[in-house]
Every structure is written in structure tokens, then in C-alpha cells.
Amino acid sequence: MGTPILDQWVGDPQEFFSAYWETRPGVFRPPSGTPSPFTLADVDTVLETGLFREPYFEMWEEGPIPLGSYTTTRHISRAAPGGFADGGRIRSLLEKGATLLLRSVDHWHGPTREVLAALAGELGRGVEAFFFVTPPGHQGLPLHRDDADVLVLQVAGRKDWRIHAKPDSADWRAGPVDPSAGPEPAEILRTTLDAGEVLYVPRGFAHSATGERGLSAHLSVTVRDISTADLGATLHGLLTEGLPAERPLGHEAITGAAERLLQDARDRLMRLSAADLVGMARRQAVARMPGRPDPADLEDLATAWNATAGTGPVTS
């Protein structure tokens, strides 16, 4: 078995969880650099296929650029579907200062899918990947907050990052920071990433990035934890699993069926702890990923994390 993905990216995972996880941003510089499963050469390859289609990509320049500016229509038999990437237009917009964003890279790029599946097994969380290409001197997305912890792998060029304070209340939202809502949150870290370096941005911490030298490219790996909606969906599944499909006739029969269902639900809830529910919801999030790890591996990794990194993510 090879070196765990997180070890390759941040070094000692126990120190990472105790000093940084969900608490503060950090920069990591692995001695041999951090190999990204996706590169600028892969961008050229995917554009040249002629089959790459939105919503797996978009372009930004002080806001989203209209799709028609960089997509084309394909004529296939009698159909004429649109939304395909036009490589020439995309490169022209990059030269003019626009940023290219590739979404859900793990959906369509095998090596990235394999790396993220391994990382999801290590963390017990659902993981996604996004790739950004930004020209020098230009900012990609505006100052914004993500509803996920982010590991940034600098792939090519240099990028200047500014990390701002986390929200000061619980009613924050992901997305651009609204300048009309008050003063800009305080800047707590400014750093320039070179190729092979890694930046960790905790969930909710506002951030922005500007390309510095050549085409700046980075892979953003988002570690997204479960929500109350995920917990509710998991609980609903637990309470309804294995219920008989009956059609009782008459009010008394229907009432009797309701009483049995309620008692069955009470019995199931009595055996269920909050930790059980959280663990099940997280495993379901991982199971929805393309290239997901084997469920048995998740159980083994949960035991390992409990033993060696108790302050970090676990699957149960």
C-alpha cells in the first residue's frame, strides 16, 4: 500500500488535524513537491477532444462570461446539441485575462477520480475537484467563501492568495462576499504559492487569488461535510428501510399499521446514537462519489483514524 494521499500533501496528518483542520489556514511545502493528478497538458487534451461540454466548465472575468462566447454547437446526425467547449475561443479569452474553471474533474478524469477516492477513504468525507487556470496579473473568482474545506494544489505558475477571517456569525452563506454588507473581513494570511505547494483554507474563510507568473493553474480539492439535510435523508432511510408494502383496508387496519410503524421507528431510534447517524450520513456521501472506495475499506480506515488521528475526520 502506497503513502496516503494526505501524508503526501500536508506531511504529518496528526499535526495537520490538531493545528489546522477547521481552525486556521496553512501552507505546506512537501520536499519533493505535490504531484497533481491533473495538469495544464490535460486541459489541452480535453479541449482537443471536441466533446467537452458545459456545465463541466465556465469562464470568469469580473463575473461569469456568457456561455455563447466560448462554446459551440455540434451537428450529430439530425441533432444539433450546443454547449461544447470551443478551444480557440477559450484560449483567446485566457489571453485577454479571463479565468477558466473546470468543474468536477473527478467525474471525467480517471487519475483524479482515483486520487480523490483514496483521499475520501482516508478522511471519511465526500471530496470533489475543480481546476482553475488564471492569466498573470488577473484574479480568478472574487473574494468568496466556500461551504467546504479546501486543499489547493498549485500545479503551474505562481498564484498570490489572500485569506480573510472566518464568519463572525452562524448565518453566513457560501459565495461572493457582499461589499455592501459591511467592511471586508480582516486579512489573516497572504502567501504566494509556487508549483508543488499546498494551501489549506478552512470552510467559511473568505479568500481570493491572483495569477502572478505565466498561466497560473491550481487544483482545488474540496472536502465537503454533511448538512442537516443529509442527516435527515439518512434518518428517513433508516426509519423506512425494510418496511412492508401493505395496503390496509379500513380505518382500524390503517390505524393499526400506523401504530406498528411508530413502534418500529421508536425501536430503531432507541438503538441509534448521534454518532451512528453522522457516520452513516458521511459514508453515504462518500458512496455517491465516482470511483468511491470500497465500503469495507471505509470501516478499516475509520478504525485507523480513531487510533491515530482522533481530532481529525472519522467515518463513524
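The largest nonpolar core of this predicted model has 47 residues, and W9, F16 and F131 make the most contacts inside it. A nonpolar core here is a set of buried Ala, Val, Leu, Ile, Met, Phe, Trp, Tyr and Cys residues joined through side-chain atoms within 4.5 Å. Buried means under 20% relative accessible area, exposed over 50%, and partly exposed in between, with a 1.4 Å probe and protein chains only. Helix α6 (residues 110–123) gives the most to this core, with 5 residues. Another core, of 9 residues, lies apart from it and includes W161, L193, V201 and A209.

The model is predicted: local features need pLDDT of at least 70, side-chain atom pairs count only at pLDDT 80 or more, and totals for chains, interfaces and linings use all residues. Residues are numbered from 1 along each chain as its sequence is written, and side-chain values use heavy atoms, leaving out hydrogens and water.

Helices (H or I, at least four residues) and strands (E, at least two) are DSSP runs numbered from the N terminus. Strand β6 is largely enclosed by the rest of the structure, because 8 of its 9 residues are buried. Two strands pair if DSSP finds at least two bridges between them. The pairings of β6 are as follows.

| Pair | Bridges | Direction |
|---|---|---|
| β5 and β6 | 3 bridges | antiparallel |
| β6 and β12 (residues 207–224) | 9 bridges | antiparallel |

F132 in β6 stands opposite L101 and also opposite H218 in β12. Setting aside neighbours within four places in sequence, the contacts of F131 (heavy atoms within 4.5 Å) include F38, L40, L101, V155 and H218.

In helix α4 (residues 87–95), the buried residues are G87, I90, L93 and L94. They lie on the same side of α4, because they cover an arc of only 130° around the axis, the arc being that of the directions from the helix axis to the C-beta atoms. The buried residues of α4 pack against α3 (40–48), β2 (57–60), β4 (84–85), β5 (99–102) and β6 (126–134). At the start of α4, a side-chain oxygen of D86 comes within 3.2 Å of the backbone nitrogen of G88. After α4 comes G97, with a positive phi near 110°.

Helix α8 (residues 251–270) has 20 residues and reaches 29 Å from its first C-alpha to its last, close to the 28 Å expected at 1.5 Å a residue. The expected span is 1.5 Å times one less than the number of residues. G256, A257, A265 and R268 are the buried residues of α8, and the buried residues of α8 pack against α7 (228–240).

How values were computed. Polar contact = N/O pair within 3.5 Å; in protein donor to acceptor, adjacent residues only side chain to side chain.
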